Amino acid sequence: MRIQKYVSEAGIYPRREIERMIRDGRITINGTPAHKNSMLAEEDMVLVDGKPLVKVEIQPVYIALYKPVGITCTAQSSVKENIIDFMNYPERIFPVGRLDKDSEGLIIMTNDGSIVNRMMHSSHEHEKEYIVTVDKPFDEAFLQGMAAGVPILNTVTKPCIVSRVDENVFRIILTQGLNRQIRRMCKVFGYRVTRLKRIRIINIHLGELQSGKWRYVTESELSELMYQLEEDLK
């Protein structure tokens with residue numbers, strides 16, 4: 001088992017924090033600092049900050065948050081206007097994935113570290129849906145070009161679903177999450193994104209939530225989400 005998976009299953013640390021802890025030498029295996037490719041045998045002893053890693057029995061929490069523009073999706077307390085301080089939730093939670101500081105909309109918050117990698121792994125092609133406003137009207141060629149794949153970041157984006165909402169507003173459904181992907185895609189065609197709102201992650205919808213508000217994921221939503229994540233493992 002990889003060290004990252006072993007530590008995340010303790011349900012204490014989000015995956016990104018585990019990666020930072022490994023880089024900082026805070027995680028050891030049999031007294032030797034772990035590295036990102038470390039594999040564990042059953043008899044290995046893992047310490048975090050010199051103490052044994054103990055799995056914490058916690059009640060899982062799953063929250064759908066409407067992140068406003070200006071909030072940064074990080075658990076690092078040193079970052080001003082971070083999402084943890086913004087929510088001020090009474091228990092330790094962290095965001096699943098990211099949504100740019102200048103973007104808004106749905107993000108999932110949880111204390112369940114075991115689902116983060118499964119939701120974020122690019123090979124699973126989970127859908128994320130956005131409503132995007134650009135700085136000027138566009139034609140059908142723009143929609144077709146966006147849907148077909150766009151050369152950015154030394155690759156070509158995967159084909160996606162794009163449809164018109166208004167003269168300068170479109171809906172896009174992605175199955176990948178490159179850095180600032182939609183903004184970069186639009187820029188290739190000469191458009192600048194003025195508003196980007198995520199309205200769905202897999203089967204979880206933003207719905208009628210207002211900016212800055214949150215709700216618990218319903219039991220039916222969670223059941224469907226877990227079913228889809230289990231299907232990924234088959």
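**Strands, burial and a pocket**

Tutor: Let's start at one spot: Pro-95 stands opposite Met-109, a residue of β7. The model is a predicted one, where local features need pLDDT of at least 70 and side-chain atom pairs 80 or more, while totals for chains, interfaces and linings use all residues. Numbering runs from 1 along each chain as its sequence is written, and side-chain values use heavy atoms, without hydrogens or water.

Student: What makes β6 and β7 a pair?

Tutor: Pairing needs at least two DSSP bridges between strands, where a strand is a DSSP run of E with at least two residues and a helix a run of H or I with at least four, numbered from the N terminus. β6 and β7 share 2 bridges and run antiparallel, so they pass.

Student: Which way does β5 run relative to β7, parallel or antiparallel?

Tutor: Antiparallel, with 6 bridges joining β5 (residues 62–67) to β7; Tyr-66 sits opposite Leu-106 of β7. β13 is joined to β7 by 2 bridges, and that pair is parallel. Gly-105 has Arg-198 in β13 as its bridge partner.

Student: Why is β7 described as largely enclosed?

Tutor: Buried means under 20% relative accessible area (exposed is over 50%, partly exposed in between, with a 1.4 Å probe and protein chains only). In β7 (residues 104–110), 7 of the 7 residues are buried, so the rest of the structure largely encloses the strand.

Student: Why does Thr-28 count as buried?

Tutor: Its relative accessibility is 16%, and the cut-off is one you now have. Thr-28 lies in strand β1 and has Pro-33 in β2 as its bridge partner. Beyond neighbours within four places in sequence, Thr-28 contacts (heavy atoms within 4.5 Å) Pro-33, Ala-34, Met-45, Val-46 and Leu-47.

Student: Which strands stand at the edges of that sheet?

Tutor: The open sheet has 4 strands in the order β2-β1-β3-β4, with antiparallel pairing. β2 (32–33) and β4 (51–52) each have a single partner strand, so one side of each lacks a neighbour in the sheet.

Student: What is the volume of the largest pocket?

Tutor: About 980 Å³. A pocket is an open set of points on a 1 Å grid over the protein atoms alone, where a 1.4 Å probe fits, with protein on both sides within 12 Å along at least five of seven lines; lining residues have an atom within 4 Å of a point. Of its 40 lining residues, those closest to the centre are Arg-16, Gly-97, Arg-98, Met-120 and Gly-177. Elements giving two or more residues to the lining include α2 (15–23), β6 (94–95) and β13 (193–201).

Definitions and conventions:
Points joined across faces, edges and corners; volume = space filled by probe spheres on them.
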